[in-house]
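Here's a quick tour of a protein chain, from the overall build down to a couple of residues worth a look. Have the viewer open as you read.

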Amino acid sequence: MNTIKLTLFKTLFFFFVLSQAFQVAAQVEKAPAYPLVTHDPYFSIWSFSDQLNSSVTKHWTGADHSLTGLILVDGNVYRFLGENAPSYHTILPVAEDARYTSRYTETEPSGTSWMKSTYDDKSWKSGSGAFGDNGNAGNQWKSKDLWVRRKFTIGDLKRGKLLLKIHHDDNVEVYLNGIEVYRHSGWNDKYDYRDIDEQARKALRKGENVLAIHVANTAGGQWLDAGIVQEKEQAASLAVKKAVQKNVEVTASRTIYNFTCGKADLTLTFTSPLLTDDLNLLSRPVSYISWKVKSNDGAAHNVKVYLGASTNIAVNTPAQEVKAQKYSQGKLSVLKAGTIEQAVLQKKGDDVRIDWGYMYVATPAGNGVQQTIGTTGG
């Protein structure tokens with residue numbers, strides 16, 4: 001009974017949020033976000049843009065929960081759902097990627113060379129992982145100021161954009177081999193990716209380097225974790241055109257899009273049957289994605305439709321290890337994915353995604369239906 005009451009509360013909360021979206025939509029003729037898969041605050045996927053194929057679909061907290069849709073019409077590929085999400089190669093890991101050690105001090109260093117690679121930090125303390133004032137931190141930090149130095153070794157860098165991956169609370173200044181990379185007054189509530197400009201990139205050298213950071217706590221909680229990543233170049237693929245979105249309709253349980261994809265028209269429907277007069281249906285976290293395709297010129301056409309779902313939908317952070325499998329169940333072909341850890345009810349807070357249980361993508365088995373597990377999204 002407690003579970004049913006909780007689910008009902010979450011559903012009513014969803015209807016309240018959706019009703020507010022309708023009010024805004026009535027005023028400005030568009031919604032602040034479009035519901036795609038909606039069951040509760042943890043299992044929730046939205047489109048943050050007016051065009052379904054112009055941005056990555058997301059969890060309501062802003063984390064990427066990527067759904068991808070492509071349609072092949074007579075050899076021409078059109079994207080109707082989602083966008084390519086960037087992927088990264090780790091050069092210097094943050095704590096959610098791997099344990100690391102660094103030198104740190106809570107006493108202001110003398111002189112002005114503490115951020116340079118030649119600085120002698122042997123008198124500083126040594127610690128492991130992120131710094132903060134809560135139980136998630138590898139190093140407890142409760143003073144006002146913190147200075148951190150991380151030495152790391154690299155080989156030859158491949159082509160591609162370099163970014164600082166950082167989560168800080170509060171004011172921060174970051175240096176790479178003595179060159180300033182980033183400075184910000186204030187805090188962020190999750191990892192941000194900040195471009196490392198060409199001058200700082202040139203300061204990187206084959207062999208040993210140092211990332212140096214000063215962070216100052218001004219109020220409330222405190223946190224510091226930072227690393228370096230390189231954006232992976234997108235693999236070469238067939239030229240993909242964007243389907244032309246004609247309209248979108250949002251109802252209490254469905255969001256319906258209509259597209260023109262060359263010589264074919266596509267109707268795409270997301271259905272989450274959250275009906276409060278049917279508790280069995282209400283408590284079942286199942287959404288349906290369906291499509292209809294018809295010719296718009298009266299001729300026959302060769303058409304294939306692709307739908308992809310990222311395993312990020314089943315994790316709290318992308319760094320978590322995931323296991324995926326494919327199997328058959330009755331008349332269904334099923335893909336299943338979830339974290340290895342399965343940490344049931346282990347996390348709390350506002351900026352949290354569900355990372356226990358499993359995501360299933362099921363479709364009726366039959367001729368012309370294929371399901372695969374890949375290592376990258378579309």
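## Ground rules

This is a predicted model, where local features need pLDDT of at least 70, side-chain atom pairs count only at pLDDT 80 or more, and totals for chains, interfaces and linings use all residues. Residues are numbered from 1 along each chain as its sequence is written, and side-chain values use heavy atoms, with hydrogens and water left out.

## The whole chain

You've got 3 helices and 25 strands here (DSSP runs numbered from the N terminus: H or I of at least four residues for helices, E of at least two for strands). The C-alpha atoms fill a box of roughly 75 × 50 × 45 Å along the principal axes.

Of the 378 residues, 40% are buried (under 20% relative accessible area; exposed is over 50%, partly exposed is in between, with a 1.4 Å probe and protein chains only).

## Phe131, on the inside

Phe131 sits in strand β8 (residues 131–132). It counts as buried because its relative accessibility is 2%.

Leaving aside neighbours within four places in sequence, Phe131 has contacts (heavy atoms within 4.5 Å) that include Tyr104, Trp141, Leu146 and Trp223.

## Leu345, on the outside

Look for Leu345 in the loop between β24 (332–339) and β25 (359–364). Leu345 counts as exposed because its relative accessibility is 66%.
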